[in-house]
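Trainee: I would like to go through this model with you, one question at a time. Where do we begin?

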Amino acid sequence: MRPTFRDAGHLIRPAVLLVIGLVVFMMVRGAVVPKGFGKYGHYRAGYLEVARSKPIQYAGQEVCASCHDSEATARAGGRHAKVSCEICHGPQARHADDPSALKPKLPDVATLCARCHEKDPAKPKAFPQVVTAEHSGGMACNDCHKPHNPHL
Amino acid sequence: MEMNRRDLFRFGGKLLVLASAGATLEQIIGAEPAPEAYKQADHWWGMIIDIEKCIGCGNCVKACSKENNVPDGFFRTWVERYEVPEGYTNPKVTSPKGAIDGFPLPQPTDLKAFFVPKLCNHCADSPCTQVCPVGATFVSPDGVVLVDKEYCLGCRYCVQACPYGCRYLNPETETIDKCTLCYHRITKGLTTACCENCPTQARVLVDFKNPKDPVHEFLRTHKVSVLKPQMATEAKVYYNNLDGAVR
């Protein structure tokens, strides 16, 4: 009787090669594809944690107000109520973590106030603006206006 | 005691009432989830920019730069000042150093003028992520377009693909950088550095998946637009009162 696969050797050898090739491919793939790739999409899911773990620089005004009561109260009653502390005082997350580590510098009012309040036709009409050179006559802004509550 | 069908229904009914009361109580108590319990699937971030409120102070640009160590001369957000003549021909657009120091000098003009803050639009169907050959840039499950710096080749395909010019090659790392919508802040319950530092609330971070977010009311009651809607990128940065001259 004739065997069913008379020339089976022809098939077994390429089949073995194919299996070896597949195993090698899977091993290489396992080694080079980063962990978590494809969990959410065509990218490394682990990067989301990396992106989250970056330290912050701006603490946020609630954090400032939790210690600096008098300044927060003065600000809350005036037109600067919604102007966040760090806009003028700069990033203070390090100061918030350890108040002695970073002493905030007092901002330079001459450039600071003008940055927002210098007259420009592109600004919304309702926004208070002045031509600083004509308005103050060389005086510093905070000679008259208290920055935390600027109304006279 | 033998339990008949009626008893079973009665008992089951009581159990259901108890269970539903329990669920409501849990919802009331658990209304404020801890920042640690951040679930990507519960958020879909975007931003609303109100042109009528922007004063061009550039504090957003400065804050972004400091928060994210953006190299000198590069910007993840910037403010443009438009001067538009009648008929929209050749509007004059300026943005000195991305307006990182604002627009300090008085700039008289008789033309229609306004400021337009720009940043990555965090498109839901973003052209930039589609061209990345190595899967280094992607839209996160909470709708933020990010770049995995460890896998970015710096090939700049995405820089070319972005219709809004929001990407750059960081010369220090030689990988692509862009606005991350302050992913390290918003996932901890804070707002972005630019929104935190906007004195007029012209830019506000919004979460479209939060039913209590004022964004839903805002979008219903204002005439808003996205930049380049014809690109069909499903941009998630909405502009209120956007002029037709803005590109």
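Mentor: Begin with a term we need for what covers a helix. Two residues are in contact if their C-beta atoms, placed from the backbone, lie within 7 Å. Keep in mind that this is a predicted model.

Trainee: What covers the buried residues of helix 2 of chain B?
Mentor: Part of the cover comes from chain B itself, including strand 2, strand 4, helix 6 and strand 9. Chain A takes part as well. The element there is helix 5 (85-89) of chain A.

Trainee: Why is helix 2 of chain B described as largely enclosed by the rest of the structure?
Mentor: A residue is buried if 20 or more other C-beta atoms lie within 10 Å of its own. In helix 2 of chain B the buried residues include B:N59, B:C60 and B:V61. B:S65 and B:E67 are also among them. The helix is largely enclosed because the buried count is eight of the ten residues.

Trainee: How many bridges join strand 2 of chain B to strand 3 of chain B?
Mentor: The two strands run antiparallel. One pair to find is B:E83, which stands opposite B:K92 in strand 3. The number of bridges is three.

Trainee: What is the bridge partner of B:E83 in strand 4 of chain B?
Mentor: Strand 2 (residues 77-84) of chain B pairs with strand 4 in the antiparallel sense. Eight bridges hold that pairing. The partner of B:E83 in strand 4 is B:A113.

Trainee: How many of the eight residues of strand 4 of chain B are buried?
Mentor: Strand 4 spans residues 112-119 of chain B. It is largely enclosed by the rest of the structure, because the buried count is six of the eight residues.

Trainee: In what sense do strand 1 and strand 11 of chain B pair, parallel or antiparallel?
Mentor: Strand 1 covers residues 45-50, and strand 11 covers residues 237-240. B:D50 stands opposite B:N240 in strand 11. The pairing runs over four bridges, and its sense is parallel.

Trainee: Is B:T192 buried or exposed?
Mentor: B:T192 sits in the loop between helix 5 (183-186) and helix 6 (193-196) of chain B. Residues it touches include B:L181, B:R185 and B:L205. The cut-off for burial is 20 or more other C-beta atoms within 10 Å. B:T192 has 27, so the residue is buried.

Trainee: Now chain A. What is its radius of gyration?
Mentor: Chain A has eight helices and zero strands. Its C-alpha trace spans about 115 × 40 × 25 Å along its principal axes. A compact globule of 152 residues would have a radius of gyration near 15 Å, but the value for chain A is 33 Å.

Trainee: What distance separates the centres of domain 1 and domain 2 of chain A?
Mentor: The domain assignment gives domain 1 as 56-105 and domain 2 as 108-147. The centres are taken over C-alpha atoms. The separation is 22 Å.

Trainee: Which element supplies the largest share of the side of chain B that touches chain A?
Mentor: In this interface 38 residues of chain B are in contact with 33 residues of chain A. Helix 2, strand 4, helix 5 and helix 6 of chain B each supply at least two residues of that side. The residues of that side divide into 18 nonpolar, twelve polar and eight charged. The largest share is four residues, and the element is helix 2 of chain B.

How values were computed
Residues numbered from 1 in each chain as written. Chains lettered and ligands numbered in written order. Predicted model: local features only at pLDDT ≥ 70, side-chain atom pairs only at ≥ 80, totals over all residues. Buried ≥ 20, exposed ≤ 12 C-beta atoms within 10 Å, placed from the backbone. Pairing = 2+ DSSP bridges. Rg over C-alpha atoms; globule rule 2.2 N^0.38 Å. Domains from an automatic or database assignment. Nonpolar A, V, L, I, M, F, W, Y, C, P; charged D, E, K, R; others polar. Lists of a residue's contacts leave out its neighbours within four places in sequence.
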